Amino acid sequence: EWLTDSVAGRALAALDEREIAWESSAVVRLDDGRVIPYQRASIDIGNAANRAERQLIERARVRIVDAELAPLRRERFQREKELIEAMNIAPSFNETFEVLSGVDLPGLVAECDQFLHDTQAMWDEVYTETVRSKLRLDPGEATRADALHLLRAQEFDAYFPSASMESAIRRQTSEMGIDPAASGRIVYDTGEREGKRARAFCAPVRVPDEIYLVLRPHGGQADYRTLLHELGHALHFAYTRADYPFEWRWLGDNSVTEAYAMLLDHLMHDAGW
């Protein structure tokens, strides 16, 4: 699975670089004449307490995505599909994924449908009450922009100051008996920077010796949770045994590293923590 993905990734690298370049340079033009970097659009939507402002930015974001980003992604996916199917591992793109990953896609669809059915009543209750109480909106009126603002949860900002986020998480990790920098193997990049991607990520460049944790701050509790999540990934890679073969250090089921990430970010749901 990794080898197939790597072969396709090498062939698609130019298209990926084109998209990255677009994201770093694109601007969103609002109806009122203002211009903001595309990478900041979702951050600004989440921070906009005024609903009209959220919708204004979201409309402009959608326009540029539909006109410029979506065509880039459609082209990349079509090319990826052609590359994978040309390998003749299985008759189709989806069947190739199933053969390589061991995941039964129709079975997964059935499990997801069942999950949605089993949790529908819970969702309806929580969604309706939350949208009405937090956003002061009719549940049927809420949009993606409203969701970004709701999940931003600005009412908790006083308890999650941005200036002390990294130091607080490092201190808490140290109190668990873990070196948060893994003797310098983990490099933190948690500051604001022009052109920086809005989505946080962990880049294990050389496992376990060179791991980068990258986060562009949005503000408040979401940043703390995100940092804990990416730190789970970083600690997993940085504390992997160096004498393991490459496959054991780098490859394998992605759910393993996600388990470490989820373990740490779910500390935010623990009252004692």
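A helix here is a DSSP run of H or I at least four residues long, numbered from the N terminus. Leu3 lies in one such run, helix 1. The model is predicted.

Start at the surface. Trp2, Leu3, Val7, Phe246 and Trp250 form a nonpolar patch there. Together these residues have about 490 Å² of accessible area. Two elements give two or more residues to the patch: helix 1, spanning 2-25, and helix 9, spanning 246-250. Helix 1 gives the most, with 3 residues.

Is Leu3 buried or exposed? Its relative accessibility is 59%. The cut-off for exposed is over 50%, so Leu3 counts as exposed.

Now move inside. The largest nonpolar core has 22 residues. Within this core, the residues with the most contacts are Ile186, Ile211, Leu227 and Leu231. Which elements give two or more residues to the core? They are helix 7 (165-175), strand 3 (186-189), strand 5 (210-214) and helix 8 (221-238). Helix 8 gives the most to this core, with 8 residues.

Take Ile186 as a way into the packing. Set aside its neighbours within four places in sequence. Ile186 is then in contact with Pro180, Ala181, Ile211, Ala234, Leu235 and Ala238. One of these partners, Ile211, is also among the core residues with the most contacts.

Conventions
Residues numbered from 1 in each chain as written. Predicted model: local features only at pLDDT ≥ 70, side-chain atom pairs only at ≥ 80, totals over all residues. Heavy atoms only, no water. Patch = residues over 30% accessible without salt bridge, like charges linked within 9 Å, V, L, I, M, F, W, Y side chains within 5 Å. Areas by Shrake-Rupley, 256 points an atom, 1.4 Å probe, with all protein chains shown as cover. Salt bridge = Lys/Arg side-chain N within 4 Å of Asp/Glu carboxyl O. Buried < 20%, exposed > 50% of the residue type's maximum accessible area, 1.4 Å probe, protein only. Core = buried A, V, L, I, M, F, W, Y, C linked by side-chain atoms within 4.5 Å. Contact = heavy atoms within 4.5 Å.
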